[in-house]
Amino acid sequence: MALISLEDLDGLDDDQLDDDITDNPEPMDEEDRDRLLTHWQAVASTHHVSVPPDMTGPIQEMTHNNQQREPLPFTPITCHEKMEEVLYEERLYPAGNWACVTEAEGLYEQSVSLGFMKLMRFICKENSKEFQTDPPRPSDSGITIVYREPIRIIARTFFGSTTEETLTRQIDLLWEILGVGDDFHRDGYMVAAYENPSIPRRRNEIWFIRRNL
């Protein structure tokens, strides 16, 4: 079994680690699978969660097929910039089915990581069907398929890990940019993550939801 220490991981380029594996179209051998699982376990430990060995299959599939996921479609409305920096974008997302998980752990990072693993299993074939019009039925009873009406949102992009501290900072910054008003729901927000938690500089977005389309 191939093992990597936390000290070894500190010296690795995470993008290179992913590239070494995803650029190879051949099936992973046991050493590559163990190496990838160890990498995910090390990342998960920083979020105070553990990745069980039976996640090896979903991790391998998601790593190999990370460019083949169907993106969530939307209609762009406006893009607000200042000094060539995008402050936020406004978008309209159509009605559709969403796979939802509820987690209530002690730390935000724990809830997100455990919820992500459930959804990851679901995405990686632990379901019964295909496509948005006929969504798969989850094998995990902790995942529900929810139909949502269209939503119009303000999205602000940021990069890196998502912790309570970073999210609070991004939320406060977006409220400051938008100013005081009643156009948005203030009792909730959404966080969109576009890469898996093992990627250090992953793309995330804060979404504020408009009251009206």
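Trp40 is a buried residue in this predicted model, with a relative accessibility of 6%.

In the pair of Trp40 and Phe116, the ring centres are 6.4 Å apart and the planes meet at 25°, so the pair is stacked; the angle for stacking has to be under 30 degrees. Trp40 belongs to helix 3 (residues 30–45), whereas Phe116 belongs to helix 5 (residues 108–123). The contact therefore ties together parts that are 76 residues apart in sequence.

A second pair, Trp175 with Phe184, is edge-to-face. Here the centres are separated by 6.4 Å and the planes by 70°. Trp175 has a relative accessible area of 16% and is buried; Phe184, at 7%, is buried as well.

Aromatic residues also come together in a cluster, in which ring pairs link Phe74, Tyr93 and Trp207. Phe74 has a charged neighbour too: the charged end of Arg91 is placed over the Phe74 ring, 4.8 Å from the ring centre. A further arrangement of this kind involves Arg203, whose charged end sits over the ring of Tyr194 at 3.8 Å from its centre.

Conventions: Residues numbered from 1 in each chain as written. Predicted model: local features only at pLDDT ≥ 70, side-chain atom pairs only at ≥ 80, totals over all residues. Heavy atoms only, no water. Phe/Tyr/Trp six-rings, centres within 6.5 Å; stacked < 30°, edge-to-face > 60°. Helix = DSSP H or I, 4+ residues; strand = E, 2+ residues; numbered from the N terminus. Buried < 20%, exposed > 50% of the residue type's maximum accessible area, 1.4 Å probe, protein only. Lys NZ or Arg CZ within 6 Å of the ring centre and 35° of its normal.
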